[in-house]
Amino acid sequence: METAKKEAAVTAPGKPFLMRLGIGLFGLGMLAVLAVFIMFAAGLENLPVWLSAAAGIITPLGLLLGLIALVREARAKK
């Protein structure tokens, strides 16, 4: 009886990998955006380029991957 519960838990569908990746990248990008705003509010003018690039690229990339995963999941259900 317990092995059947374990097997059901293992085979239960979760969020697709693309969705988890999108959520992770979006969260990381939002942290970069927050860091840029805090550093700018603190009076720093020469912010690191990599941090500004991460804020500008990773956030929309994560959003795009999440939306693609949602569309793929919706099409698979039809």
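**Secondary structure.** I began with the elements: the protein chain has three helices and zero strands, and they run α-α-α from the N terminus on. Helices here are DSSP runs of H or I with at least four residues, strands are runs of E with at least two, and both are numbered from the N terminus.

**Ground rules.** I am reading a predicted model, where local features need pLDDT of at least 70 and side-chain atom pairs count only at pLDDT 80 or more, while totals for chains, interfaces and linings use all residues. Residues are numbered from 1 along each chain as its sequence is written, and side-chain values use heavy atoms, leaving out hydrogens and water.

**Confidence.** Next I checked pLDDT, the predictor's confidence in each residue, from 0 to 100. The protein chain averages 85, and 83% of the residues score at least 70. Helix α1 (residues 2–11) is where confidence is lowest, with a mean of 53; it is highest in helix α2 (residues 17–41), at 94.

**How α2 meets α3.** I looked up the axes, which are lines fitted to C-alpha atoms, for helices over the stretch in contact, with angles from 0 to 180 degrees between N-to-C directions. Those of α2 and α3 come within 7 Å and cross at roughly 155°. That makes α2 roughly antiparallel to α3, because angles over 145 degrees count as roughly antiparallel, under 35 as roughly parallel, 65 to 115 as roughly perpendicular and the rest as oblique.

**The core.** Which residues form the largest nonpolar core? I found six: Ala-32, Val-36, Leu-47, Leu-51, Ala-54 and Ala-55. Such a core is a set of buried Ala, Val, Leu, Ile, Met, Phe, Trp, Tyr and Cys residues joined through side-chain atoms within 4.5 Å. The elements giving two or more residues to this core are α2 and α3 (49–77), and α3 gives the most, with three. I also followed Ala-32, which touches Leu-51, Ala-54 and Ala-55, not counting residues up to four places away in sequence; contact means heavy atoms within 4.5 Å.

**Burial.** Of the 78 residues of the protein chain, 19% count as buried (under 20% relative accessible area; exposed is over 50%, partly exposed in between, with a 1.4 Å probe and protein chains only).

**Pro-16 and its surroundings.** Pro-16 sits in the loop between α1 and α2, and it counts as partly exposed because its relative accessibility is 33%. Its C-alpha atom is 7.3 Å from that of Ala-69, 53 residues apart along the chain. I then turned to Arg-72 in helix α3, which counts as exposed at 56% relative accessibility. The C-alpha atoms of Arg-72 and Pro-16 are separated by 9.8 Å.
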